[in-house]
Amino acid sequence: MDGNLTKGPILKTLTKLALPIMASSFLGTLYNITDMAWIGLLGSKAVAGVGVGGMFTWLSQGLASMARMGGQVKVAQSLGRGEKEKAHGFAQTAVQLSTFMGLAYAILCLIFVRQMVGFFKLNDPEAVSAALSYTKIACGLIVFSFLTVTLTGIYTAQGDSK
């Protein structure tokens, strides 16, 4: 290899893989901005509630990344060696781990939602109510976010970043 990535198929392959991932990240950010704009129509207390609850969904992404990263790397390595059955096993395990961790996180959040929201010491009862409602919904259904992250990683490992 001559060290010049611009002339080889490597840059083309990396670009083909990266563009859908970048677009997905951009759309996720755009979704959050749009979401917050609509919530802003309900008032500043609703925005405060979503901001508080959003911290706990954001925090969960570190856990969600564990199953995704391990599964993605092991699936890609197995496929690279031509071991499709092994890749299938790693993918299946990653999905199971992701489901378990997502459900565990959801249950813990639902049990300790008052303490979690209380950590932010909100003074306004309306903001507290909004934070509790949003956190219960967002964290109660967080397993779907965990699965989305993991399945995206597995598809990317197979060379399908779209």
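**Salt bridges, a patch and a pocket**

Lys 45 forms a salt bridge with Glu 126, with 4.0 Å between the closest N and O atoms; the term here means a side-chain nitrogen of Lys or Arg within 4 Å of a carboxyl oxygen of Asp or Glu. This pair links distant parts of the chain, since Lys 45 sits in helix H2 and Glu 126 in helix H5, 81 residues apart. Helices are DSSP runs of H or I, at least four residues, numbered from the N terminus.

Before I go on, the model is predicted: local features need pLDDT of at least 70, side-chain atom pairs count only at pLDDT 80 or more, and totals for chains, interfaces and linings use all residues. Residues are numbered from 1 along each chain as its sequence is written, and side-chain values use heavy atoms, with hydrogens and water left out.

Back to Lys 45. A salt bridge also joins its side chain to that of Asp 124, at 3.2 Å, N to O. Asp 124 lies in the loop between H4 and H5, 79 residues from Lys 45, so this pair too links distant parts of the chain.

Buried means under 20%, exposed over 50%, and partly exposed in between, with a 1.4 Å probe and protein chains only.

The whole structure has three salt bridges. One of them joins Arg 81 and Glu 83, at 3.1 Å, N to O. Arg 81 is partly exposed at 49%, as is Glu 83 at 28%.

Next, the surface. Met 55, Trp 58, Leu 59, Phe 119 and Phe 120 form a nonpolar patch with about 600 Å² of accessible area together. Phe 119 is in the loop between helix H4 (113–118) and H5, and is exposed at 63%.

Last, the largest pocket, with about 1,100 Å³ of space. Of its 31 lining residues, the closest to the centre are Gly 28, Tyr 31, Asn 32, Gln 61 and Ser 145. Which helix gives the largest share of the lining? H1 does, with ten residues. By class, the lining has 14 nonpolar, 15 polar and two charged residues.

How values were computed
1 Å grid on protein atoms, 1.4 Å probe; cavity = no way out; pocket = protein on both sides within 12 Å on 5 of 7 lines; lining within 4 Å. Points joined across faces, edges and corners; volume = space filled by probe spheres on them. Helix = DSSP H or I, 4+ residues; strand = E, 2+ residues; numbered from the N terminus. Nonpolar A, V, L, I, M, F, W, Y, C, P; charged D, E, K, R; others polar. Patch = residues over 30% accessible without salt bridge, like charges linked within 9 Å, V, L, I, M, F, W, Y side chains within 5 Å. Areas by Shrake-Rupley, 256 points an atom, 1.4 Å probe, with all protein chains shown as cover.
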